[in-house]
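Have a look at the sequence and the model first, and then read on.

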Amino acid sequence: METVREGGVVVRVPEQPEHGAGEAVFFNPEQELNRDVTVAVLRAFRERKRAETYLDATTATGIRGVRAAADGWDVTCLDVDAEAVELARANFRANDLRGAVRHRDANVELHRNRYDVVDVDPFGSPVPFADAAVRGARKLLCVTATDTAPLCGAHFRAGIRRYGAVPRNTEYHAEMGLRVLLSAMARTAARYDVGVTPLLSHATRHYVRTYLELDGGAGVADAAVDELGFVHHCQDCLHREHEAGLLSHPPERCPACGGERVVTAGPIWLGAIREREFVAATADALDAEMGTADAAGKLLATLEAELDEPTHYDQHRLSKQWSRAAGPIDEFLDALRSAGFDASRTHYGGTTFKTDATVSAVRDATSG
Ligand SMILES: [Zn+2]
């Protein structure tokens, strides 16, 4: 066992094997940023709506639940592994915090009881819990997916089976994964006449994470479904077309270059992946006790400023395509703005950007 200090709590976690999941109760130190942002989101959400109960559906060491309890939430944690349950209970006791830790599958628990906030943060895909989570969450549903290969199209057939959407492996793969996950969650919720609003979402390293506000009613569920659609992506010139709706009409040829290598992905979520005001409120709720406060602050600032265009570009990929040297990204974006376009950096990577210009317009505007 080793001791981990994080966000004002101290928990005991088993030593982790160097590779793979292993036998020990799983603890991922790389997810500290995820957990810091979670605590800040929960604070911001409490300002938005009355919320008291929080369910950590796949708790493992209990750290997520312990941190929520330390912040005043009425916490319940679940795990199907008896060892994890014992460990999570010990971690609540060690911090002198109250929390119910149950040896129970999340699907069973969410069938019986409802919670203001449900957090599904499993090892792998959240899909096995998605239906129960939508029904068992009253106000906010937090979802992590670490199966990025199916989500982004690297494991094509697995992505189709699991998420009911056609993913495509593009240079914006992290955003593809996030939008496939949002699409799957929106369609899952719509089956129960529940509408989702992404308050905050991000793709960081090897996972995607989203915080969905839930509202009941056929109208709000329809509104969420209306945010779905397709991206038609030209593999030759990197031009994209975004098409709203659940009927896809792929162009036979790329409207920009006439090439025939156009692939279609979807239905993906084409709408905004976050609400700007909520992201700002979340950034305000970070505190100095959080180990990743600086990194989380930067992430949230970028996320807040990011344009809502559904797919981003990578400056280096375009420069390679055009056999150009890639200059500083800020000068590149300034050139776009000078030509009358909107442009922003994105949180998907240091050389990524969003713009309302087409690929050929980007090429002309930045030819320098
Ligand atoms: Zn093309």
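Let's begin in the loop that runs between β8 (194-204) and β9 (207-216), where arginine 205 sits. Its phi is near 50°, a positive value in a residue other than glycine. Arginine 205 counts as exposed because its relative accessible area is 62%, over the 50% cut-off. Please keep in mind that this is a predicted model.

Alanine 60 also has a positive phi without being glycine, here near 55°. This alanine belongs to the loop between β3 (53-56) and α2 (63-70). Is alanine 60 buried or exposed? With a relative accessible area of 15%, alanine 60 is buried. One more backbone feature to check is the peptide bond from glycine 266 to proline 267, which is cis, with omega near 0°. Proline 267 is part of strand β12, which covers residues 262-269.

## Aromatic pairs

How many aromatic pairs does the structure hold? There are four. In one of them, the rings of phenylalanine 26 and phenylalanine 123 have centres 4.9 Å apart and planes at 75°, so this pair is edge-to-face. The angle settles the label because planes over 60 degrees apart count as edge-to-face. The two partners come from distant parts of the chain, 97 residues apart: phenylalanine 26 from the loop between β2 (9-13) and α1 (32-48), and phenylalanine 123 from the loop between β6 (115-120) and α5 (127-136). Phenylalanine 26 is partly exposed, at a relative accessible area of 31%, while phenylalanine 123 is exposed, at 59%.

Phenylalanine 332 and phenylalanine 353 make another edge-to-face pair, with 5.1 Å from centre to centre and 70° between the planes. Here too distant parts of the chain are linked: phenylalanine 332 lies in helix α13 (residues 329-338) and phenylalanine 353 in strand β15 (residues 352-355), 21 residues apart. Phenylalanine 332 is buried, with a relative accessible area of 9%, and phenylalanine 353 is buried as well, with a value of 0%. Ring pairs also bring in a tyrosine, linking Tyr313, Phe332 and Phe353 into a cluster.

## Two packed helices

Next comes a helix pair. How do α1 and α10 pack? The axes of α1 and helix α10 (residues 276-285) are 8 Å apart and meet at an angle of about 115°, and the crossing is right-handed.

On the α1 side, the contact is made by Val37, Ala40, Val41, Arg43, Ala44, Phe45 and Arg48. On the α10 side, the partners are Phe278, Ala281, Thr282 and Ala285.

## A buried arginine

Finally, consider arginine 64 in helix α2. Arginine 64 is buried because its relative accessible area is 7%, under the 20% cut-off. Which side chain does the side chain of arginine 64 meet in a polar contact? The partner is asparagine 34, at 3.2 Å.

Leaving aside residues up to four places away in sequence, arginine 64 touches Asn34, Arg35, Thr38, Tyr54, Asp56, Asp119, Asp121 and Arg209. If you are inspecting this site, asparagine 34 is therefore listed among the touching residues as well as being the polar partner of this buried arginine.

Conventions. Residues numbered from 1 in each chain as written. Predicted model: local features only at pLDDT ≥ 70, side-chain atom pairs only at ≥ 80, totals over all residues. Heavy atoms only, no water. Helix = DSSP H or I, 4+ residues; strand = E, 2+ residues; numbered from the N terminus. Buried < 20%, exposed > 50% of the residue type's maximum accessible area, 1.4 Å probe, protein only. Phe/Tyr/Trp six-rings, centres within 6.5 Å; stacked < 30°, edge-to-face > 60°. Axes fitted to C-alpha atoms, helices over the stretch in contact; angles between N-to-C directions. Left-handed = near helix turned anticlockwise from the far one by under 90°. Contact = heavy atoms within 4.5 Å. Polar contact = N/O pair within 3.5 Å; in protein donor to acceptor, adjacent residues only side chain to side chain.
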